[in-house]
Structure formats: C-alpha cells, structure tokens
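Subject: Structure for your attention

Dear colleague,

Please find below the structure that I am handing over to you. My notes on it follow directly after.

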Amino acid sequence: MARMKTLLTPRLMRRAFLALPAALLLASCVTPTASTSLDTAIAAPYRGEKAQARDVYRHPKETLEFFGVTPTQSVLEIAPGGGWYTDVLAPYLRGRGTLYEAQYLPPQGTLPEGEAKGNAAFERKLAAKPDIYGTVVVGTLQSGQFSGLPSGLQVDRVLTFRNIHNWIEDGQVDANLRAFYSVLKPGGVLGVEEHRAVPGTSVQQMIDTGYLTEAYVIQRAQAAGFKLAARSEINDNPRDTKDYPHGVWSLPPTYRGGDTDRARFAAIGESDRMTLRFVKP
C-alpha cells in the first residue's frame with residue numbers, strides 16, 4: 001500500500017493543482033519566497049508538463065526527503081544536466097539555504113557536442129529566470145576538482161542523480177567521490193540515485209549498458225571514506241529487465257532506438273534505480 005501511495009501522490013498533486021480556481025492558479029505563479037514548501041516547488045507550473053510527467057518515475061519529494069534535504073541547508077548537486085532537480089531545489093532552498101550546481105567536465109575538458117549544448121542551455125535557463133534561479137551558484141567538476149565555487153566550501157548535502165555510470169569510462173569515479181567527501185561537512189550526506197544492474201554485472205557491461213551494481217557503487221563510496229547509512233526502493237521498477245539493445249538508453253526518456261519497440265519501452269517506464277544514502281563520519 002505504501003508503494004501505491006508513493007506512485008500516485010504526484011499524479012494526485014497535479015490533479016489538485018489543475019482544479020484550483022483561476023485566482024489561486026495565478027497566485028501560485030508568483031516568485032518563490034522563503035516559505036516555498038517542497039510540495040509547492042514540485043507543483044510549480046514553470047516546471048512544465050513534460051518535467052512533471054516524470055515525477056511518477058523519479059519521486060522527487062520522497063527522494064529528497066530520504067536524502068534528508070531541508071530548506072536551510074547548503075546543497076551541492078553534481079552534473080545537473082538540464083536542471084530537472086534544479087527546478088525543485090532552487091525555489092525550495094531560496095532565501096534559507098543555498099544551492100550549488102557543479103557541471104561535470106571530463107579529464108580532457110572537451111564534452112561531446114550534445115552535452116556541451118546541454119550545459120550551455122542549462123546556464124541560459126538559469127539566467128532567464130533570476131526570480132527563481134538567481135541565487136544558484138554554478139561551477140564545474142573536473143578530475144576531482146571543483147572550480148567556480150567558493151574556496152573552502154563545505155556543504156550539508158551532495159546529490160547526484162544517474163551520473164556515476166558516466167564517470168567509469170572517464171576513470172573519474174574515485175576522484176569524484178573523494179571530492180564529494182572533501183566538500184561535505186562531517187555528518188554530511190551523499191545522496192546517490194543510479195540505474196541498477198543485476199548482481200555480477202562486469203565493469204565493461206556497466207559502461208556499455210549504463211546500469212551499475214549496488215555492490216560497485218557502495219564499494220567505491222566506501223573506498224572514498226563514506227559509510228552506507230540506508231538504502232531505499234523509492235525508485236525501483238520491477239518491469240525493467242535491463243537487457244535492451246541500447247542499454248538503459250533504450251528506455252524513456254531517451255528512446256535511443258527511435259520508434260523501434262517504443263511502445264514496449266514506454267510501458268516499462270524509466271529504469272530500475274538504486275537510491276543510496278551515504279554519510280561522512
């Protein structure tokens with residue numbers, strides 16, 4: 001029953017939002033304030049229908065609560081991509097906490113064209129809406145070093161969503177995890193969400209498919225000094241068989257195979273994911 005509640009909460013939230021009278025709807029569009037709740041941030045109309053449609057798979061409220069994120073904290077998100085979580089975290093933390101974003105750069109410093117365009121689009125997005133994103137601090141992470149963030153920065157939370165698989169081939173997993181450890185306050189939390197492979201999957205298979213074993217992620221985090229505090233099945237998906245021609249990118253939202261078997265992949269939904277909370281002793 002608890003699982004059903006988790007899946008339906010965002011949908012019910014959207015229905016309640018759409019049912020609001022016009023006056024209240026306009027009121028919900030005002031600039032985020034120091035009293036913006038997590039529910040309000042998730043329901044904000046500027047996120048758009050496409051982003052909110054993914055809530056049923058990504059469970060932003062339950063995931064952030066599991067990581068222990070509160071509105072007065074300093075939070076560093078790693079590799080934000082297009083800013084799916086930025087849209088929630090920025091108004092939630094605005095005026096009380098601080099949101100830092102570190103865009104990932106590979107060791108050679110050159111991103112694939114698509115990723116480079118994505119990073120540039122993310123920065124334009126933040127600049128276009130200073131009333132929402134004006135207090136977000138953007139830097140970079142390259143070869144285990146942060147740039148563009150305050151010197152000596154110490155944060156309460158480091159969060160990374162579906163990114164660790166991208167760092168294996170670059171040889172940056174250990175360097176990045178050590179960087180996260182260094183920037184966290186003692187007692188601070190590293191929150192990890194990642195595509196989950198079946199136990200025994202080889203490292204090369206992880207690179208090829210984008211799915212990682214929980215054992216691999218836990219081992220690397222512990223090698224960096226972290227302690228595993230808790231696991232959650234918030235983002236599990238038992239329909240995901242993890243045996244597709246284009247790996248995890250066969251599934252939504254990527255659909256790398258185009259229209260081939262698209263209906264089947266849409267029915268599966270987004271990937272089965274581990275959700276892990278680590279602590280810096």
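I begin with the largest pocket, where the lining comprises 18 nonpolar, 15 polar and 11 charged residues by class. Please bear in mind throughout that the model is predicted. The space in this pocket comes to about 1,300 Å³. Its lining is formed by 44 residues, of which Gly-81, Glu-115, Arg-162, Asn-163 and Asn-166 are the closest to the centre of the pocket. Five elements, α4 (48-52), β1 (74-78), β2, α8 and α10 (164-168), each contribute at least two residues to the lining. The greatest contribution is that of α8, which provides 4 residues.

The buried residues of α8 are Asn-119, Phe-122 and Leu-126. Viewed down the helix axis, these buried residues fall within an arc of 55 degrees, so they line one face of α8. The other side of the helix carries exposed residues, namely Glu-113, Gly-114, Lys-117, Arg-124, Ala-127 and Ala-128. The cover over the buried residues of α8 includes α7 (86-93), β2 (98-105), α9 (130-133) and β3 (137-142).

The residues concerned are Thr-86, Asp-87, Val-88, Leu-89, Ala-90, Pro-91, Tyr-92 and Leu-93. Just after α7, Gly-95 adopts a positive phi of about 85 degrees.

Ala-79, although not a glycine, has a positive phi of about 55 degrees. This residue is located in the loop between β1 and α7. Ala-79 counts as buried because its relative accessibility is 18%, where the cut-off for burial is under 20%. Arg-162 is likewise not a glycine and has a positive phi of about 55 degrees. The position of Arg-162 is in the loop between β5 (155-161) and α10. With a relative accessibility of 18%, Arg-162 also counts as buried; as noted above, Arg-162 is among the residues closest to the centre of the largest pocket.

A further backbone feature is the cis peptide bond that joins Pro-252 and Pro-253, with omega at about 10 degrees. Pro-253 belongs to the loop between β7 (227-232) and α14 (262-268).

Finally, some figures for the protein as a whole. The protein contains 14 helices and 8 strands. Of its 281 residues, 49% are buried. Among contacts with a separation of 6 or more, 76% are between residues 24 or more positions apart.

With kind regards

Definitions and conventions:
Residues numbered from 1 in each chain as written. Predicted model: local features only at pLDDT ≥ 70, side-chain atom pairs only at ≥ 80, totals over all residues. Heavy atoms only, no water. Buried < 20%, exposed > 50% of the residue type's maximum accessible area, 1.4 Å probe, protein only. Arc of directions from axis to C-beta. Contact = heavy atoms within 4.5 Å. 1 Å grid on protein atoms, 1.4 Å probe; cavity = no way out; pocket = protein on both sides within 12 Å on 5 of 7 lines; lining within 4 Å. Points joined across faces, edges and corners; volume = space filled by probe spheres on them. Nonpolar A, V, L, I, M, F, W, Y, C, P; charged D, E, K, R; others polar.
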